[in-house]
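Subject: Structure handover

Hello,

Here is the structure I promised to pass on. My notes follow below it.

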Amino acid sequence: MFGAAVQGIKQLYILPKGVFFLKASLKAAACGLVTAASVVLMFLGGVLYIFSYAVPVVLGVLLYMFKKTFKTQCAAAVYVSTCVLSLLFVPEKECVLMYILFFGYYPLFKEKLDKIRPAFLKWLVKLAVFNISIFIIELLCVVIFNIEFFDGGVFSSSMLAIFAVCMNILFLTYEFLLKYYLILYEKKLEKKIKSIFR
C-alpha cells in the first residue's frame, strides 16, 4: 500500500523514477546547510554590539529568500532548528532573541500581513507587531538573562526615545531589504539554485 501511494505521488508530479526521493533529500540537506550557516553567523552577534541587531536582520533576509525557493515548510524547519541550536550554544542571547521573537519568524508571515488593506492599517499592524516584539525581547534580556538595557544600567527618557526611533528605522530598513533583495534574488540566483534541486 505504501509503495502504491509513493508511485501515485510520483505520477501526480510527473517526476522520473527516483527524483522524488532525491529532491526530498536535497531539500533536507539545504535546510541543514542554511541552519548551520545561520547558527555560525549568530555567533557574530557577540563581536560588536551593533551585530546583535544586524545579524538577525541578515538571517531574516536569508530565510525569506530560502522560503521563496523551498516554500514555507522548509523555511519553518530552518527557523525552528536555528532557534533551538542558537539558544543552546550561542552566548549572545539578545541576538538570539532578536531572531527568535521577530526577525526570524517575520519572513514566514510577511506575505499575510502584506495582504491587509488599507495600507495604513497594514503598516499600523506591522509596526505594532514589531514594537511589541522589541519590548518583550528587551524585557526578557533584563529579567531572564540579566543583560543591561544600556551600558552601566543608566538611561533616561530621551535615550529610550532615541532607541525606539532607531529600532523603528531598523524595521523599515528590514522591510526594504526583504522586498528588494528578494527581487534581486529572483533575477540573479533563484534559477541557478532551483537547477541544483531538479
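The structure holds 16 aromatic pairs; rings of Phe, Tyr and Trp (its six-membered ring) pair if their centres lie within 6.5 Å, and planes under 30 degrees apart count as stacked, over 60 as edge-to-face and the rest as tilted. One of them joins Phe 130 and Phe 171, which are stacked at 5.0 Å centre to centre with 25 degrees between the planes. Phe 130 belongs to helix H6 (residues 119-143) and Phe 171 to helix H7 (residues 157-188), so this pair ties together parts that are 41 residues apart in sequence. Helices (H or I, at least four residues) and strands (E, at least two) are DSSP runs, numbered from the N terminus.

The model is predicted: local features need pLDDT of at least 70, side-chain atom pairs count only at pLDDT 80 or more, and totals for chains, interfaces and linings use all residues. Residues are numbered from 1 along each chain as its sequence is written, and side-chain values use heavy atoms, with hydrogens and water left out.

Phe 130 has 0% relative accessibility and counts as buried; buried means under 20% relative accessible area, exposed over 50%, partly exposed in between (1.4 Å probe, protein chains only). Phe 171 is also buried, with a relative accessible area of 0%.

Now the helices. The protein has eight helices and zero strands. The axes of helix H3 (residues 51-89) and H7 come within 10 Å and cross at roughly 30 degrees; axes are lines fitted to C-alpha atoms, for helices over the stretch in contact, and angles run from 0 to 180 degrees between N-to-C directions. That makes H3 roughly parallel to H7 (angles under 35 degrees count as roughly parallel, over 145 as roughly antiparallel, 65 to 115 as roughly perpendicular and the rest as oblique). Residues of H3, including Tyr 53, Val 57 and Tyr 64, meet residues of H7, among them Phe 163, Tyr 174 and Tyr 181; contact means heavy atoms within 4.5 Å.

In helix H5 (residues 106-114), the buried residues are Tyr 106, Pro 107, Leu 108, Lys 110 and Leu 113. Their cover includes H3, helix H4 (93-103), H6 and H7. Across the protein, buried residues make up 36% of the 198 residues.

Regards
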